Amino acid sequence: MSDNVSITPGTGAAVATDDVGGIHFQKMKLDVGGDGESKPLGQANPLPVNVIGVIALDAASLAALESIGVSNFPANQLVTLAGPVALDASALAALESITVQQSALPAGASTEATLAALLTALTSTPAVNTLAQPGAARQLTATTTGSGISTPLTARRISMVALGSAIRYSIGAGTQTAAPTSHYIGQGERLDLSVPAGAQIAVVSATPTAGVLELTELT
């Protein structure tokens with residue numbers, strides 16, 4: 001059977017409708033009055049709503065909340081109540097006894113031990129490279145031939161500058177020999193170095209011109 005039923009409007013009467021696509025839908029108003037009375041729905045006569053029930057939380061029920069673990073709820077799960085919650089004095093007092101259960105830290109999280117180790121590392125005194133006092137002064141001739149003379153050093157730190165020529169040098173524990181492949185210091189360049197105990201140094205010129213390595217032991 002097709003939708004819609006055609007009617008013949010009466011004379012002298014009008015029915016409120018809403019024309020939707022050429023079809024008239026009759027407008028109707030809600031009335032919330034009881035039997036034998038009329039109360040049109042509005043601000044003075046709102047739509048009646050019946051609350052199904054009231055959740056009463058006493059001290060015993062609140063104490064039971066202590067056994068609820070966070071893991072019992074899915075992630076991002078919202079918990080809603082169907083009605084108002086009545087909290088009396090004993091129920092509010094019971095809230096003080098509810099504690100958050102301890103959960104395990106995720107993998108890689110800081111623990112008390114790792115935090116203590118970090119604090120120790122941050123507060124420990126770092127090694128400071130302080131200024132030293134000049135000790136023995138040495139002038140080492142860098143010849144253009146040979147492997148240089150191995151000169152003993154008494155300090156653990158030295159400052160040296162090459163004059164007259166770039167210089168090749170060898171430094172370390174025990175007797176040293178300098179060669180064209182030894183460490184390089186340019187003419188006029190200054191280097192500050194720490195050396196092992198009982199170190200010796202040997203120098204040769206890196207150019208056809210002889211030079212001098214001015215060396216100061218730092219104490």
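Two strands pair if DSSP finds at least two bridges between them. Strands themselves are DSSP runs of type E with at least two residues, helices are runs of type H or I with at least four residues, and both are numbered from the N terminus.

The structure above is a predicted model, in which local features need pLDDT of at least 70, side-chain atom pairs count only at pLDDT 80 or more, and totals for chains, interfaces and linings use all residues. Residues are numbered from 1 along each chain as its sequence is written, and side-chain values use heavy atoms, with hydrogens and water left out.

The chain has three helices and twelve strands. Four of the strands form an open sheet with antiparallel pairing, in the order S5-S12-S7-S10. Strand S5 (134–142) and strand S10 (190–194) are at the edges; each has a single partner strand, so one side of each is left without a neighbour in the sheet. On average, neighbouring strands of this sheet are turned by 20° against each other, direction ignored. For this angle, the axes are lines fitted to C-alpha atoms.

The sheet can be followed pair by pair. S5 and strand S12 (residues 211–218) run antiparallel and are joined by seven bridges; here Thr-141 stands opposite Val-212 in S12. S12 is also joined to S7 by seven bridges, again antiparallel, and Ser-159 stands opposite Thr-216 in S12. Strand S7 (residues 157–163) pairs with S10 in the antiparallel sense over five bridges, and Met-160 stands opposite Leu-191 in S10.

Which residues have the most contacts inside the largest nonpolar core? They are Met-160, Ile-185, Ile-201, Val-203 and Leu-213, in a core of 16 residues. A nonpolar core is a set of buried Ala, Val, Leu, Ile, Met, Phe, Trp, Tyr and Cys residues joined through side-chain atoms within 4.5 Å. Buried means under 20% relative accessible area, with a 1.4 Å probe and protein chains only. S5, S7, strand S8 (167–173), strand S11 (199–205) and S12 each supply at least two residues of this core. In soluble globular proteins, nonpolar side chains tend to be buried together.

For the chain as a whole, buried residues make up 19% of the 219 residues. Of the contacts with a separation of 6 or more, 75% are between residues 24 or more positions apart.

Key: Buried means under 20% relative accessible area, exposed over 50%, partly exposed in between (1.4 Å probe, protein chains only). Contact means heavy atoms within 4.5 Å. Axes are lines fitted to C-alpha atoms, for helices over the stretch in contact, and angles run from 0 to 180 degrees between N-to-C directions.
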